[in-house]
Amino acid sequence: TRHHLIDTVSCQPFTYDGVSVSVIAVSAAIAEVVAKCGFLRADFLDWAPSVGTAALVIHRDGTEASTDNWKDYA
């Protein structure tokens, strides 16, 4: 499966184990930008709270991973 996020080095779609990234932020625009980073950053779950957001990633095998602050909103 391919998507629209392109690796600028290989010019190919990024490959990632996550199939869904959800983000809670102060605005939908911020959530949208940060969610895209969830497919691109290896350190995403550590980084997301540093920009004032909470995040949940669902992996291809159905497992979930979230930022430490996700539980504050779930």
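Me: Which residue in S5 does Leu56 stand opposite?
Reply: Strands of a sheet pair through backbone hydrogen bonds, either parallel or antiparallel. In this predicted model, Leu56 stands opposite Ser66 in S5. Strand S4, residues 54-59, is joined to S5 by 3 bridges, and the two run antiparallel.

Me: In what order do the strands of the open sheet come?
Reply: The order is S3-S4-S5, with 3 strands in the open sheet and antiparallel pairing. From one strand to the next, the twist averages 15 degrees.

Me: Which strands stand at the edges?
Reply: Strand S3 (18-24) and S5 do; each has a single partner strand, so one side of each lacks a neighbour in the sheet.

Me: Which residues make up the largest nonpolar core?
Reply: There are 11 residues in this core, among them Val21, Val34, Cys37, Trp47 and Val57. Two or more residues come from each of S3, helix H1 (28-38), helix H2 (44-47) and S4. H1 gives the largest share, 4 residues.

Me: What does Trp47 touch, not counting residues up to four places away in sequence?
Reply: Trp47 touches Val34, Cys37 and Arg41 on that count.

Me: Is Asn69 buried or exposed?
Reply: Buried means under 20% relative accessible area. Asn69 has 19%, so Asn69 counts as buried. Asn69 lies in the segment after strand S5 (64-66).

Me: Which residues is Asn69 in contact with, leaving aside neighbours within four places in sequence?
Reply: Asn69 is then in contact with Pro49, Thr53 and Ala54.

Notes: Residues numbered from 1 in each chain as written. Predicted model: local features only at pLDDT ≥ 70, side-chain atom pairs only at ≥ 80, totals over all residues. Heavy atoms only, no water. Buried < 20%, exposed > 50% of the residue type's maximum accessible area, 1.4 Å probe, protein only. Contact = heavy atoms within 4.5 Å. Pairing = 2+ DSSP bridges. Axes fitted to C-alpha atoms, helices over the stretch in contact; angles between N-to-C directions. Core = buried A, V, L, I, M, F, W, Y, C linked by side-chain atoms within 4.5 Å.
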